[in-house]
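Open the model in a viewer and keep the selection tool ready. The stops below are given in the order in which to select them.

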Amino acid sequence: MNENNRERPWYRQAAEVIPRHVYLKFVGTTTFISIFFVAYFYLLKDPAYPVTVMPRIWLDHLIGFQPLSLPFYLSLWFYVSLPPALLATRRELVDYAMSIGGTCLVGLIIFYFWPTAVPVAHIDWALYPDVDFLKNMDASGNACPSLHVATAVFSGIWLHYLLRRFGAPLWIVLCNWIWCAGIVYSTLALRQHVAVDVLAGLALGGLAASLSLRKSQSRDVFY
């Protein structure tokens, strides 16, 4: 980061970057999410192989059902749009899209060859209509690895990098990780995933983000 950037507040740097390639960012993010959902729901409704029910482990028994975590769960789709919004160049956007697209593709390939589902939760979903709507939209399949977790962690790591590059204060950086942790927690608290799914998602998202950041940093792309 050059000296001029260091002298400007972090939020001004971010505000200057967001409008760059705004149409590419909007269309690209919308198209990516749409294509992902088409593939995701196709595999969810029509698995090619018998479905394996994932086991619960000790960690699952420590986290109770928390319907109030639903906003965190749903916020993923806004959260994942933040890193591309804060990228400055077309090359960064393309590299980022290829990286997170590859991450999702790995998950979808796993879903195709090894379809999985979470065990039945003995909860009367009719008592929780908002969660019941989620359950009807997103059934218990495509469980491991959790792509909800993988994409949240991927985005969280990239947001951490970008916020530090802007020189954002520590409290903003911490808010990013609290948000990311809330999304991860919600997948267990809403019984959308079990701990094994989450751990696999953490590994996939963390590895993919680390590899993509290493590639980006090796090119010394600054603004």
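Select lysine 135. Its relative accessibility is 16%, and because the cut-off for buried is under 20%, lysine 135 counts as buried. The residue belongs to helix α9, which covers residues 129-137. Now display what surrounds the side chain. Apart from neighbours within four places in sequence, lysine 135 is in contact with Trp125, Leu190, Arg191 and Gln192. Which backbone atom lies 2.9 Å from a polar atom of the lysine 135 side chain? It is the backbone oxygen of arginine 191.

Move to arginine 191 itself. This residue sits in the loop between α11 (170-189) and α12 (195-218). Check its backbone torsions: phi is positive, about 60°, although arginine 191 is not a glycine. For context, most residues other than glycine have a negative phi, and most peptide bonds are trans. Keep in mind that this is a predicted model, and that the torsions here are read from predicted coordinates.

Next, select the loop between α9 and α10, where asparagine 142 is found. Asparagine 142 is another non-glycine residue with a positive phi, in this case near 50°. Is asparagine 142 buried or exposed? At 4% relative accessibility, asparagine 142 counts as buried.

Stay in that loop and select proline 145, which is also placed between α9 and α10 (147-166). The peptide bond joining cysteine 144 and proline 145 is cis, with omega about 0°.

Now go to a helix pair: select α3 (residues 22-45) and α8 (residues 90-113). Their axes come within 11 Å and cross at roughly 5°. Angles under 35 degrees count as roughly parallel, so α3 is roughly parallel to α8. To show the contact, select Leu24, Lys25, Phe32, Phe36, Ala39, Tyr40 and Leu43 on α3. Coloured by class, the contact of α3 with α8 has twelve nonpolar, one polar and two charged residues.

For the last stop, select residues 93-213. UniProt lists this range, in an unreviewed entry, as "domain: Phosphatidic acid phosphatase type 2/haloperoxidase". Over residues 93-213 the chain is 74% helix and 2% strand.

Conventions:
Residues are numbered from 1 along each chain as its sequence is written. This is a predicted model: local features need pLDDT of at least 70, side-chain atom pairs count only at pLDDT 80 or more; totals for chains, interfaces and linings use all residues. Side-chain values use heavy atoms; hydrogens and water are left out. Helices (H or I, at least four residues) and strands (E, at least two) are DSSP runs, numbered from the N terminus. Buried means under 20% relative accessible area, exposed over 50%, partly exposed in between (1.4 Å probe, protein chains only). A polar contact is a pair of N or O atoms within 3.5 Å; within protein, one must be able to donate a hydrogen and the other to accept it, and residues adjacent in sequence count only if both atoms are side-chain atoms. Contact means heavy atoms within 4.5 Å. UniProt positions are given in the numbering used here, feature names are shortened, and annotations may be inferred rather than shown by experiment. Axes are lines fitted to C-alpha atoms, for helices over the stretch in contact, and angles run from 0 to 180 degrees between N-to-C directions. Angles under 35 degrees count as roughly parallel, over 145 as roughly antiparallel, 65 to 115 as roughly perpendicular and the rest as oblique. Ala, Val, Leu, Ile, Met, Phe, Trp, Tyr, Cys and Pro count as nonpolar, Asp, Glu, Lys and Arg as charged, and the others, Gly among them, as polar.
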